[in-house]
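Please brief me on the charged pairs and the nonpolar packing in the model shown here, with the cut-offs stated for each term.

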Amino acid sequence: VSKSATKARLEELSALLQQWYSLSQQTYANMKGVCWTTYANLIIYHLISLNAVTSFKCIEQFARREIALGPFRPESWLQMRCIDSAEETAFHCGQILRLIKSMPTQVRPPWWAGAVYRVAMTGWANSIATQGMRFVNNGRNGEANKPFAVDAVPPEHESIDRYLKYQEGIPMLSKLDGSL
């Protein structure tokens with residue numbers, strides 16, 4: 001399969017995922033109270049989106065040291081083979097964790113632990129792949145190196161928007177007490 005055909009498929013998949021997300025948001029907005037099924041649906045949306053920008057099989061092979069890096073450094077190999085978009089990867093990992101943490105344990109879907117495992121492995125690989133990278137402040141507003149809790153803010157939050165559009169900010173995970 002050619003690279004251009006694969007890219008076209010990913011663009012089509014992204015458009016369909018965006019439609020799915022919009023439908024989920026509309027359903028959520030029309031609900032009175034909390035619908036845990038909608039939360040599970042949004043987790044699945046973020047898992048599929050994460051799959052579109054990463055290769056989990058490749059990440060697991062890297063973790064088990066089943067691959068030969070050849071002349072590449074680990075971060076370069078991960079960037080070339082496993083992670084297409086570090087920003088989107090961090091965003092989707094954070095949103096999956098945010099949604100799972102917001103659900104009481106008794107209503108979480110039976111596959112939630114597998115989702116957390118996937119997020120942990122992918123987040124770990126993403127941190128190695130982006131190790132040493134610095135985001136350049138383009139002079140807009142001095143927010144380039146400001147940390148934010150990617151797992152504690154909704155997708156519409158300003159820090160997420162700036163991070164995805166301008167690569168401003170440093171995504172971090174939050175502790176139970178809210179600190180980063």
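The side chains of K101 and D151 meet in a salt bridge, with N and O 2.6 Å apart, where a salt bridge is a side-chain nitrogen of Lys or Arg within 4 Å of a carboxyl oxygen of Asp or Glu. This is a predicted model, in which local features need pLDDT of at least 70 and side-chain atom pairs count only at pLDDT 80 or more, while totals for chains, interfaces and linings use all residues. Residues are numbered from 1 along each chain as its sequence is written, and side-chain values use heavy atoms, with hydrogens and water left out.

**Salt bridges**
- K101 lies in helix α5 and D151 in the loop between β1 (147-149) and α7 (158-166), so the pair ties together parts that are 50 residues apart in sequence; helices (H or I, at least four residues) and strands (E, at least two) are DSSP runs, numbered from the N terminus.
- D151 is buried at 4% relative accessible area, whereas K101 is partly exposed at 44% (buried means under 20%, exposed over 50%, partly exposed in between, with a 1.4 Å probe and protein chains only).

**Nonpolar core**
- The largest nonpolar core has 16 residues, such a core being a set of buried Ala, Val, Leu, Ile, Met, Phe, Trp, Tyr and Cys residues joined through side-chain atoms within 4.5 Å.
- Helix α2 gives the most to this core, with six residues.
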